[in-house]
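Here is a briefing for a first look at this structure. Please keep the sequence and the 3D view open while reading.

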Amino acid sequence: MAHAALPGICIAFLLYGQKSLLVFLIGAACSGYIATVCIQFIVKHTRIKEDAAIGIVLSVFFGLGIVLLTWINQHEGGNQSGINDFLFGKAASLTGSDVNVLTVTAVTMIITILVFFKEFKIITFDRAFAQGIGVPVSLLNGVLMFLIVSVVVIGLQAVGVVLMSALLITPALAARYWTEKLEWMTLLAGVFGALSGLAGAYMSLITYVPTGPLVIIFATALFLFSFLFAPKRGLCSKIIRRHVERKKLRVKQLMYERGEQL
Amino acid sequence: MNPLVVEQVTVAYDRQLVLEDVSFSVPEGKLVGIIGPNGAGKSTLMKAMLNFIPRMHGNVFVYGKPYEKQRHLVGYVPQRNSVDWDFPTNALDVVLMGRYGHIGLWKRPRKEDVDIAMQCLDKVGMLPYAKRQISQLSGGQQQRVFLARALAQDASVYFMDEPFVGVDAATEKAIVQLLNELKMRGKTVLVVHHDLQTVRDYFDYVLLLNKRVVAFGETESVFTYDHIQKTYGGKVTFLSSTHIVG
């Protein structure tokens, strides 16, 4: 998704001539939509499976985006416009109005998710059933897609196009290890994302390394920690549990053997 | 007025007809088995009746009005493998989803809805597992959770897509009991079914389907050797005729 958005953003920049989140949003949505259509077309008319089709289309779009980005940098004085930061992200390049946009979007998202949580849950879990009981599935799905595209476009400046998808997915993956409830998972994912963002931005400030990679490193560290040490689902607790079970089994076996001897 | 009337439903995938001119009408309080070989369009018929896939032609009436206006009267139990069971939620939560239509958009479930969901779990013998994460349930238990969800929906007509596939004997028994209870309460249930041996025991009506309706009617008169041969293209050899002609 983030990869597919890049050419759209570049074209939007070329047409509009300056950096504007709204214009970028439109560009990103357009090229994201075209990418989706391409993927569906490939799946429907060839023997290529969906995952492969996604891989092909996204890499082509991303390649196209990089070409455009390079061209912009060489011809349009892109360095001054800050579009270069879209590749790896630079939180410091955010202006005051960008921050306002970010805030408004974040609040809108949280409210939308709170209001339609039940509906988003059912359309993600079982779309057919949701449709059957009269939930407006395509409308809500559209809203969900719109939210995702907005997040991608807005996040692009901070973490960059390369790592945006990682930022979307990693905190959620980490959160999954701690809970079996979607409500908690959503909240935790948000907290993990915020923590990584905060830590990454701060580190970027003092080390002069681009923000994006640092944020993702923190997010990945959180994920690894969850993967290893989360209670119940974590790897360590699984190993310990297996060990305990094995011991119990050995004791039982021993008791049976003794019993037979007696 | 019949709870379900299907008129000349025709469905095509990629310009190829998968269902042709399917018409039948089900009286109230009957259990109907939909029988046919793989690729006969059994699941497709259900999905087309529910508007999940577009119908090229034909109408579906529920209690005299088009399905689109009577959605709330129709409950659907999808195939078990149609969802990701690793989804972070528990059994009670899934059953509560059956109440969403009653609760309405953006509102939270009330205590009453939770009570109903618990009762439905109890009916399928899953009350002890209410708080269990759904990935930790066995296949049969997952199927029962789906059934409880359909019960919670409190519909008048039920569509069930292969509820008996891959379940243990206990679940099969629970499903049959549930079907009979629904019937007693005047509900009409359509079930996509695979096991020819049990058709006579489970269903009042059968729809023998192979892209077209081969036969439809009361099981006693319609579920005959000839009709089955016709439906399966003469490939059913393992059945002795004693099973069929009662």
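B:Gln8 counts as partly exposed because its relative accessibility is 39%. The cut-offs are these: buried means under 20% relative accessible area, exposed means over 50%, and partly exposed lies in between, with a 1.4 Å probe and protein chains only. B:Gln8 sits in strand S1 of chain B. Its phi is positive, about 50°, although B:Gln8 is not a glycine. Most residues other than glycine have a negative phi.

This is a predicted model, in which local features need pLDDT of at least 70 and side-chain atom pairs count only at pLDDT 80 or more, while totals for chains, interfaces and linings use all residues. Residues are numbered from 1 along each chain as its sequence is written, chains are lettered from A and ligands numbered from 1 in the order in which they are written, and side-chain values use heavy atoms, with hydrogens and water left out.

**Chain A overall**

- Chain A has 13 helices and zero strands. Chain A is more spread out than a compact globule, because its radius of gyration is 23 Å, well over the 18 Å that the globule rule gives for 262 residues.
- The radius of gyration is taken over C-alpha atoms, and the globule rule is 2.2 Å times the number of residues to the power 0.38. Helices (H or I, at least four residues) and strands (E, at least two) are DSSP runs, numbered from the N terminus.
- The C-alpha atoms of chain A fill a box of roughly 90 × 50 × 40 Å along the principal axes.
- Of the 262 residues in chain A, 38% are buried.
- Chain A exposes about 15,000 Å², and carbon and sulfur atoms supply 71% of that area. Accessible areas come from the Shrake-Rupley method with a 1.4 Å probe; for residues, only the protein chains shown count as cover.
- Take the contacts in chain A between residues at least 6 apart in sequence: 59% join residues at least 24 apart. Contact means heavy atoms within 4.5 Å.
- Chain A carries 21 positive and 12 negative side chains, and the centres of the two sets are 8 Å apart. Lys and Arg count as positive, Asp and Glu as negative; His and the chain ends are not counted. Each charge is placed at NZ of Lys, CZ of Arg, CG of Asp or CD of Glu.

**Chain B overall**

- Chain B has eleven helices and ten strands.
- The radius of gyration of chain B is 18 Å, which agrees with the value near 18 Å for a compact globule of 246 residues.
- Its C-alpha atoms fill a box of roughly 50 × 40 × 35 Å, again along the principal axes.
- Buried residues make up 54% of the 246 in chain B.
- The accessible surface of chain B is about 10,900 Å², and 49% of it belongs to carbon and sulfur atoms.
- Among contacts in chain B between residues at least 6 apart in sequence, 67% link residues at least 24 apart.
- Chain B has 28 positive and 25 negative charges, with mean positions 4 Å apart.

**A:Thr211 in chain A**

- A:Thr211 belongs to helix H12, residues 211–229.
- A:Thr211 is buried because its relative accessible area is 3%.
- The side chains of A:Thr211 and A:Ser204 make a polar contact of 3.5 Å. A polar contact is a pair of N or O atoms within 3.5 Å; within protein, one must be able to donate a hydrogen and the other to accept it, and residues adjacent in sequence count only if both atoms are side-chain atoms.
- Not counting residues up to four places away in sequence, A:Thr211 touches several residues, including A:Phe88, A:Lys90 and A:Ala158.

- B:Gln133 lies in the loop between helix H5 (111–123) and helix H6 (139–153) of chain B.
- At 5% relative accessible area, B:Gln133 is buried.
- Its side chain reaches the backbone oxygen of B:Phe87 at 3.4 Å.
- Leaving aside neighbours within four places in sequence, the contacts of B:Gln133 include A:Arg176 and A:Glu180, along with B:Trp85 and B:Asn90.

**Other residues of chain B**

- B:Tyr13 is in strand S1, residues 4–13. With 40% relative accessibility, B:Tyr13 is partly exposed.
- B:Tyr13 and B:Met56 are 43 residues apart in sequence, and their C-alpha atoms are 9.8 Å apart in space.
- B:Glu162 has a positive phi of about 50° and is not a glycine. B:Glu162 lies in the loop between strand S7 (157–161) and helix H7 (169–184). At 13% relative accessibility, B:Glu162 is buried.
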